[in-house]
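Thank you for making time this morning. I would like to walk you through one model, going slowly for those who have not seen it before.

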Amino acid sequence: SYNEALRIKPDYAEALNNRGNALKELKRLNDALSSYNEAIRITPDYAEALNNRGVALKELELFDDALASYDQALRIKPDYPEALYNRGNAFHELKRFNDALSSYDEALRINPNYAEATFNKSVLLILTGNYLDGWMLYEARLELEKKETKEKYPRFSQLAWRGKENIQGKKILIYAEQGLGDSIQFVRYLEKIHLLGAEIILEVPETLVNLIDTIKTPVTVIQKGHKLPEFDAHCPLLSLPYVFKTTVDTIPSVVPYLYADRQRVSEWHSRLGVKTRKRIGLVWSGAAGHKNDHNRSIPLEIFEDLLKLPIEWHSLQKEYRTDDKVFLDSHPEVKQHQDELGDFTDTAALIECMDAVVSVDTSVAHLAGALGKTTLVLLPFMPDYRWMLDREDCPWYPTAKLIRQDDERDWKKVILELSTRL
């Protein structure tokens with residue numbers, strides 16, 4: 001449709017900008033960039049196209065060029081909160097956190113109800129260790145993209161509890177809202193709710209039901225989509241750090257808090273046979289559809305030299321990409337178990353048979369940490385907020401060690417350090 005409009009009116013800058021947006025959604029970033037550039041050539045003071053061009057440049061990891069495009073948009077339109085927000089995101093990726101915070105704050109000065117800016121500011125604060133302010137602002141996620149979050153954040157008539165009201169003797173629904181790893185990470189807070197005297201109902205995806213049932217805290221686990229029992233109050237799972245005013249020093253960090261089924265562990269030991277080398281579980285990629293997959297997953301071939309170490313390697317992944325299958329066919333030293341892995345209880349039992357786990361930032365890294373297993377987590381230059389910055393330890397998982405990309409964003413250097421540690 002945009003192309004047809006441009007055949008009729010080749011200098012139609014708005015159509016070029018909108019076509020760029022469509023191409024960007026299709027991840028055809030260079031084509032999107034061409035459309036934005038053409039729109040700007042026709043209309044040099046087109047602030048919206050300059051802002052959108054900045055977003056495409058950022059996704060191409062051309063951060064300096066993205067910042068220049070945002071600055072140009074802001075010279076034309078100084079009170080442009082979207083450009084300020086996007087500029088903050090680019091600063092964030094460059095670890096220029098003070099500049100990012102200033103950009104978010106300026107966007108919020110112009111539009112105090114800008115939930116995206118509030119949310120990204122919260123992530124920045126948590127990442128940099130300002131937990132009290134960060135978790136408070138993290139509540140802005142409930143306002144984001146309400147059409148999308150309607151399923152994540154259902155509208156209940158019961159009390160929306162955030163720690164202020166007495167819930168002793170009450171039934172409270174805690175519901176999973178984000179990824180599987182998030183659920184594994186934050187169910188640790190159920191014990192704190194139990195100590196308040198509440199009866200806990202926890203709603204989680206099917207694949208987590210049996211795993212969460214191993215937690216020592218009394219809780220009724222309900223599969224997402226099934227009928228809920230009656231309850232008096234509710235709270236989304238990732239609001240619990242805010243509820244309990246968590247700081248870096250007060251994270252509930254006792255592990256394990258989830259457990260592998262002993263019968264399944266015994267079955268896995270029998271299946272694996274006699275151990276003659278250290279057994280290391282390996283996870284190199286997450287779900288391909290994850291919005292940050294390009295940043296957190298590692299091409300399997302980069303591990304090739306590592307596989308030569310005198311270690312018995314075991315893949316903990318259930319899903320493989322086409323290139324992974326080709327690589328694994330020629331590297332039988334990586335033992336595969338995808339056909340035997342049902343839900344997370346199977347993965348937990350296999351992890352218990354390992355001496356350690358090596359994982360990128362996926363749910364398996366959280367599971368290994370929650371089980372108290374020695375875990376080496378491989379992190380990109382800009383990590384997810386939960387891993388914080390610079391430190392090698394993890395306050396959420398005492399048995400985890402973090403190996404990070406430096407500013408060259410080179411996974412090969414990470415693997416070299418991992419090899420030395422192993």
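This is a predicted model: local features need pLDDT of at least 70, side-chain atom pairs count only at pLDDT 80 or more; totals for chains, interfaces and linings use all residues.

Let me begin with a question: is C394 buried or exposed? With a relative accessibility of 5%, C394 counts as buried, because buried here means under 20% relative accessible area, while exposed means over 50% and partly exposed lies in between, computed with a 1.4 Å probe on the protein chains only. C353 is also counted as buried, at 4%. As for disulfides, meaning pairs of cysteine sulfur atoms within 2.5 Å, a search of the whole structure finds zero.

Residues are numbered from 1 along each chain as its sequence is written, and side-chain values use heavy atoms, with hydrogens and water left out.

Now to the sheet. Five strands, in the order 1-5-2-3-4, form an open sheet with parallel pairing; strands are DSSP runs of E with at least two residues, numbered from the N terminus, and two of them pair if DSSP finds at least two bridges between them. Strand 1 (159–160) and strand 4 (220–223) stand at the edges with a single partner strand each, so one side of each has no neighbour in the sheet.

Strand 3, residues 199–204, is joined to strand 4 by four bridges, among them L202 with V221 and V204 with Q223. Strand 2, residues 171–175, runs parallel to strand 3 and is joined to it by five bridges, one of them between I172 and I200. Because five of its six residues are buried, strand 3 is largely enclosed by the rest of the structure.

Elsewhere, S359 sits in strand 9, residues 356–360, and is buried, with a relative accessible area of 0%. Leaving aside neighbours within four places in sequence, S359 is in contact, that is, has heavy atoms within 4.5 Å, with V283, V364, A365, L376, V377 and L378.
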